[in-house]
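Here is a short report for a first look at this structure. Have the sequence and the 3D view at hand while reading.

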Amino acid sequence: MKLATYQDGSRDGQLVVVSRDLSTAHYATGIASRLQQVLDDWNFLSPQLQDLAITLNHGKARHAFPFEPAKCLSPLPRAYHWASSVAYLQHLQLGHAQRGEPMPEALLGEPLLAPAASDQFLAPCAEQRFASVAGGLDFEAGLAVMTGDLAAGASSAQGLDAVRLLLLSTSWCRREVSPTSPASAGLLQGRPMTAFGPVAVTPDELGEAWQGGKVSATLQVSWNGRKIGQCDTGSDMSFHFGQLIAQLSRQRPLGAGCLVGSGPVSNQDAAKGVACLADKRAQEMQAHGEPRTAYAEYGDTLYVDLKGRDGLSVFGAIEHSVTEAE
């Protein structure tokens, strides 16, 4: 099934079930009003939502209406826990190569994870207002999962069993803000905001594309109307989602609704393009001795989508424009 959250003037919005082709939706009223409710009582509420999804997909839901991504908040507008990772080591390798540094062996053995702000996620289709574009404003397009409850010390297999929903993600970041600078308040100022695609989906919606904790599909990224990425989300993922979840739960249990991100998709084959401007600049550094792509400026636009094997969008697209905060 596919789930979204419509704006209704509240912080947490209104839960809706969305058809497989993203054409129609139906309010989940009578089952649950918010996605966090479903995650907290998954075994009882998700089968009821699944029944509604089947009815909707068969065109028999009496109160269905056209689905409009522009009316969506993040599927989970705020979360108890959001951690981003670097599941694609090629992203780290490009960064170290650009600085003329060797890749530390310690980074090869286990995934890097860092907590990020989760009190408010960006709407998937909206202007994004930034007080400043200084500091190398960039984006990281990738995927994320939403978990159920999980005990501390879980294995990677148990981590995969805890996956409830998958999401498209884009985190905005500032490349030139040092995480070790006192002024940066650690990583927080360097990674201020995250957006998720309009729709969260259960793993079965991906069919054979979901295997071994990885999604094998093509991530499409366009910057200012120009396609810069046709990235393969499966082949170069160094750590699958089960491993990421296990790493996060090593010393503490995870609560229902915990979000874990892959970080930017990054392929060894440069012909597949990029999912962030930093990788593009690193590739240019290797080819020309200097980066030629600028970081984000006011007026820039971003489009991120992932298509299934049927050619249809799986999560709906993230569509952002960079504007100045008033």
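## A buried helix

A residue counts as buried when its relative accessible area is under 20%. Over 50% it is exposed, and in between it is partly exposed. The model shown here is predicted.

Helix 6 spans residues 241-248. Of its 8 residues, 7 are buried, so the helix is largely enclosed by the rest of the structure. The buried residues are Phe241, Gly242, Leu244, Ile245, Ala246, Gln247 and Leu248.

## Confidence

How high is the average pLDDT of the chain? The average is 92. A score of at least 70 is reached by 95% of the residues.

One stretch needs care. Over residues 182-186 the pLDDT is below 50. Beyond near neighbours in sequence, this stretch has 8 contacts in the model. Where pLDDT is low, the predicted coordinates should not be read in detail.

Strand 2 covers residues 14-18, and strand 3 covers residues 24-27. The two run antiparallel and are joined by 3 bridges. Val17 stands opposite His26 of strand 3. The hairpin formed by strand 2 and strand 3 has 5 residues between the strands. In this hairpin, Leu22 takes a positive phi near 65 degrees.

Strand 3 also pairs with strand 4, residues 65-66. This pairing is antiparallel too, with 2 bridges. Here Ala25 stands opposite Phe65 of strand 4.

## Salt bridges

Side chains of opposite charge can pair when their charged atoms come close. How many salt bridges does the model hold? The count comes to 8.

One of them joins Arg78 to Asp12, with the closest N and O atoms 2.9 Å apart. Arg78 lies in the loop between strand 5 and strand 6, and Asp12 in the loop between strand 1 and strand 2, so the pair ties together parts that are 66 residues apart in sequence. Arg78 has 36% relative accessibility, so it counts as partly exposed.

Lys71 and Glu68 form another salt bridge, at 3.1 Å from N to O. Are these two side chains' residues buried, exposed or partly exposed? Lys71 has a relative accessible area of 40%, so it is partly exposed. Glu68 is at 36% and is partly exposed as well.

Glu127 and Arg129 make a further salt bridge. Their closest N and O atoms are 3.0 Å apart. Glu127 has a relative accessible area of 45%, which means it is partly exposed. Arg129 is partly exposed at 41%. Elsewhere, a network of salt bridges links Asp138, Glu140 and Arg175.

## The cavity

The structure holds 1 cavity of 30 Å³ or more. About 40 Å³ of space lies in the largest cavity.

Which residues line the largest cavity? They are Trp82, Ser84, Glu140, Leu143, Ser169, Ser171, Gly261, Ser262 and Gly263. Strand 6, strand 9 and strand 10 each supply at least two residues of this lining. Strand 9 covers 137-147, and strand 10 covers 163-174.

Definitions and conventions: Residues numbered from 1 in each chain as written. Predicted model: local features only at pLDDT ≥ 70, side-chain atom pairs only at ≥ 80, totals over all residues. Heavy atoms only, no water. Pairing = 2+ DSSP bridges. Helix = DSSP H or I, 4+ residues; strand = E, 2+ residues; numbered from the N terminus. pLDDT = per-residue confidence, 0-100. Contact = heavy atoms within 4.5 Å. Buried < 20%, exposed > 50% of the residue type's maximum accessible area, 1.4 Å probe, protein only. Salt bridge = Lys/Arg side-chain N within 4 Å of Asp/Glu carboxyl O. 1 Å grid on protein atoms, 1.4 Å probe; cavity = no way out; pocket = protein on both sides within 12 Å on 5 of 7 lines; lining within 4 Å. Points joined across faces, edges and corners; volume = space filled by probe spheres on them.
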